[in-house]
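Trainee: I have a new structure open and I'd like to talk it through with you. Could we go over it together, step by step?

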Amino acid sequence: MRLGHTRQVLLHLLVGCVVGLACGLSCALFLSLLEQVSAWRAQHPQILFALPLAGLALGGVWQRVGAPIAAGADTILARLHDLGPTLPKRMAPMVLLGTLTSHLIGATVGREGTAVQMGAALADRLHRGLRLPSTARAWTLSAGVAGGFGAAFGAPLAGALFALEWAVVGQLRSEAMLPLLVAALVGNAVVRALLVDHGAWRQVASPPPLTATLLGKWLLVAAALALCGVCFVQLIQLLRRGAARAHVSTPLRLGLGGAVFLLFWQLLGGGTTYLGLGQATLHAALSTPHLGAEVWACKLLLTCICLGSGFIGGEVTPLLFIGAALGNALAQPLQLPVDLAAGVGMVGLLAGVTHTPVALTVMAMELLGASVGPHALLVCLLCSALTGRHGIYHGQRFL
């Protein structure tokens, strides 16, 4: 073994461990605070009626100091492509506080965007602080993405693969896999060591073998998921373009978004089904027959209102909710097992709008059991192909 190769391996291991530790600690803090914020909101549901005012305040802060990080995950993708300036110091604390505020007042947003942005921002600071070579910056940033994603969902293998897949669609470069995998494993281990709970996932029980009939059903499911994903992306873009054309300021956009969200939430009967992460409903979709054919559409509408108006948080967990609920709704007419249809729908929709089918297949196997793998891979690949270049990350490049 050449000395240069040994040094490279040791550097990969060192950076992976350091970045993973930073991601694990920050993610554990975030998940713990998020749980407390969600519990407080559940005890004080009247806080939801402050959503428009909180939106105005959050928008005012974001307009004043949030411009350098307004693009969110696309800012990280831009750095991965052009290796521009170090990510702003404010990214990690601002996205953390913004997401917690959004969840406190009931906005239906996720957590993945926060974990990934915090992980990448911390990794970029570590790259600069440790004076690593410029050639190491891209995979150090990717290690932060892997550590944040893996620690947030308790799926380290999926986190590493997600960081490999998401920057350039159609390209999976394995030479940087070691630091990414180490960062994801260490980040997840730190979160678990600090007793932060990801929640128990229901394992899919004995999926049927892949037959020609079942392949046809999965094609129909993938087409429905892809159409849902395109609608999700287009509706968010429509709301953002409309606000830009009308020259609506950031505070007013969030204030109006909060008011519209409240209106639709009341029209849909209120309740807690669609608020915040919606973890309870997401898990129910994996086990409860006939969850409701309208659940996925209601969650999609409310999520698009929140994200389209500018509330801070990720898209991933709401998309998991929408995909699982849509899979649940399709299970009966297509005569599919509910747990399998909801599980495959959960990762299929997300694969379609992130164009990371391999990572989402592995995520399904990590969360729902290895036996779901062939079904998940088929639907994830179909969804990614059928959505074309529609996606939630505008900074992605396509081969």
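Trainee: What percentage of the 399 residues in the protein chain is buried?

Mentor: Keeping in mind that this is a predicted model, buried residues account for 57% of the 399 residues in the protein chain.

Trainee: And how many helices and strands does the protein chain have?

Mentor: There are 16 helices and two strands in the protein chain. Its radius of gyration is 20 Å, close to the 21 Å that the globule rule gives for 399 residues, so the chain is as compact as a globular protein of that length.

Trainee: What box do the C-alpha atoms fill?

Mentor: Taken along the principal axes, the box is roughly 65 × 55 × 40 Å. As for how the chain meets itself, if you take the contacts between residues at least 6 apart in sequence, 80% of them join residues at least 24 apart.

Trainee: Let's go inside, then. Which residues have the most contacts inside the largest nonpolar core?

Mentor: That core has 131 residues, and the ones with the most contacts inside it are Trp-166, Leu-180, Phe-232, Phe-311 and Met-363. Helix α13 supplies the largest share of this core, with eleven residues. In soluble globular proteins, nonpolar side chains tend to be buried together.

Trainee: What does Trp-166 touch, leaving out residues up to four places away in sequence?

Mentor: Its contacts include Ala-73, Ile-76, Leu-77 and Leu-80, along with Val-116 and Val-145, and also Thr-356, Tyr-393 and Gln-396.

Trainee: You mentioned α13. How do α9 and α13 cross?

Mentor: The axes of α9, residues 212-245, and α13, residues 316-334, come within 11 Å and cross at roughly 145°, and the crossing is right-handed. On the α9 side, the residues that meet α13 include Leu-220, Val-221 and Phe-232, while those on the α13 side include Leu-319, Ile-322 and Leu-326.

Trainee: Which residues is Trp-139 in contact with, apart from its neighbours within four places in sequence?

Mentor: Trp-139 is in contact with Gln-8, Leu-11, His-12 and Val-15, and also with Ala-176, Pro-179 and Leu-180. Leu-180 is also one of the residues with the most contacts inside the largest nonpolar core.

Terms used
Residues numbered from 1 in each chain as written. Predicted model: local features only at pLDDT ≥ 70, side-chain atom pairs only at ≥ 80, totals over all residues. Heavy atoms only, no water. Axes fitted to C-alpha atoms, helices over the stretch in contact; angles between N-to-C directions. Helix = DSSP H or I, 4+ residues; strand = E, 2+ residues; numbered from the N terminus. Left-handed = near helix turned anticlockwise from the far one by under 90°. Contact = heavy atoms within 4.5 Å. Core = buried A, V, L, I, M, F, W, Y, C linked by side-chain atoms within 4.5 Å. Buried < 20%, exposed > 50% of the residue type's maximum accessible area, 1.4 Å probe, protein only. Rg over C-alpha atoms; globule rule 2.2 N^0.38 Å.
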